[in-house]
Amino acid sequence: IISTVNGNLTVNNSTGGGVSAAATNYGVYITATSSTLKTTGSGNISVSGTGGDPSGSGNFNYGVYCVSASCIQTTSTGTITVTGTGGNGSGSGRNNYGVHLATPGSITAVGGAITISGTAGASSGGSNIGLVVDGDVATITNTGSGTISLTGTGAANSANSNYGVLV
């Protein structure tokens, strides 16, 4: 757990998760039962990441990948901002998501706004999706009066299944 009370919490990997032509080069990867980014006061959380494999044929290069049950959370008035860009910018790979929230992943706030923006990798492959919320218990929840804003941009190529947002 990485936590702060009233201060802001920022995680940024804009250089990419790896440069190899392999798969699974994540910019920010939040996994395992106790992997959590959290503020418990008025602090805001900002997470941004860019997937790796900039020009190869690798697949599954996510900007931000969240598979922890309490992945990102605020417990008071803090806001949550997540921005991800899928890897494989000029190659032929597939499934390069900007932001991927997979079961049992969750992003939760108690009142501050939640803003999630994902941009797919720009490769020539298919299924390059901006924002994916995947599985029966993957959730984005605000239990207070704060808003939830989801934005996704799919790859702009002629391949199949390049969605902006997939839920």
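Student: How many bridges join strand 10 to strand 13, and in what sense do they run?
Tutor: Four bridges join strand 10 (residues 106-109) to strand 13, and the two run parallel. Strands here are DSSP runs (E, at least two residues), numbered from the N terminus, and two strands pair if DSSP finds at least two bridges between them. This is a predicted model, where local features need pLDDT of at least 70, side-chain atom pairs count only at pLDDT 80 or more, and totals for chains, interfaces and linings use all residues. Residues are numbered from 1 along each chain as its sequence is written, and side-chain values use heavy atoms, with hydrogens and water left out.

Student: Which residue stands opposite Thr108 in strand 13?
Tutor: Thr141.

Student: What is the strand order in that open sheet?
Tutor: The order is 1-4-7-10-13, five strands with parallel pairing. Strand 1 (2-4) and strand 13 (139-142) are the edges, each pairing on one side only. On average, neighbouring strands of this sheet are turned by 10 degrees against each other, direction ignored; the axes are lines fitted to C-alpha atoms, and angles run from 0 to 180 degrees between N-to-C directions.

Student: Where does strand 8 pair?
Tutor: Strand 5 (residues 45-50) is joined to strand 8 by six bridges, running parallel, and Ser46 has Thr81 as its bridge partner in strand 8. Strand 8 (residues 80-85) also pairs with strand 11 in the parallel sense, over six bridges. There, Ile80 stands opposite Ile114.

Student: Which residues of strand 11 are on its covered face, and which on the uncovered one?
Tutor: Ile114, Ile116 and Gly118 are on the covered face, while Thr115, Ser117 and Thr119 are on the uncovered one. In a regular strand the side chains alternate between the two faces of the sheet.

Student: What does Ile116 stand opposite in strand 14?
Tutor: Leu150. Strand 11 and strand 14 (residues 148-153) run parallel, joined by six bridges.

Student: Switching to aromatics. How many pairs are there?
Tutor: The count comes to seven aromatic pairs. Rings of Phe, Tyr and Trp (its six-membered ring) pair if their centres lie within 6.5 Å; planes under 30 degrees apart count as stacked, over 60 as edge-to-face and the rest as tilted. The ring centres of Tyr29 and Tyr65 are 5.2 Å apart and their planes are at 10 degrees, so this pair is stacked. Tyr29 in strand 3 (residues 28-30) and Tyr65 in strand 6 (residues 64-66) are 36 residues apart, so the pair links distant parts of the chain.

Student: Are those two tyrosines buried or exposed?
Tutor: Tyr29 is partly exposed at 44% relative accessibility, whereas Tyr65 is buried at 14%. Buried means under 20% relative accessible area, exposed over 50%, partly exposed in between (1.4 Å probe, protein chains only).

Student: Which aromatic cluster is there?
Tutor: One is formed by Tyr26, Tyr29, Phe60, Tyr62, Tyr65 and Tyr97.

Student: Last topic: how many disulfides does a search of the whole structure find?
Tutor: One, taking a disulfide as a pair of cysteine sulfur atoms within 2.5 Å. The bond joins Cys66 to Cys71, with S to S at 2.0 Å. Cys66 is buried at 3% relative accessibility, and Cys71 is buried at 0%.
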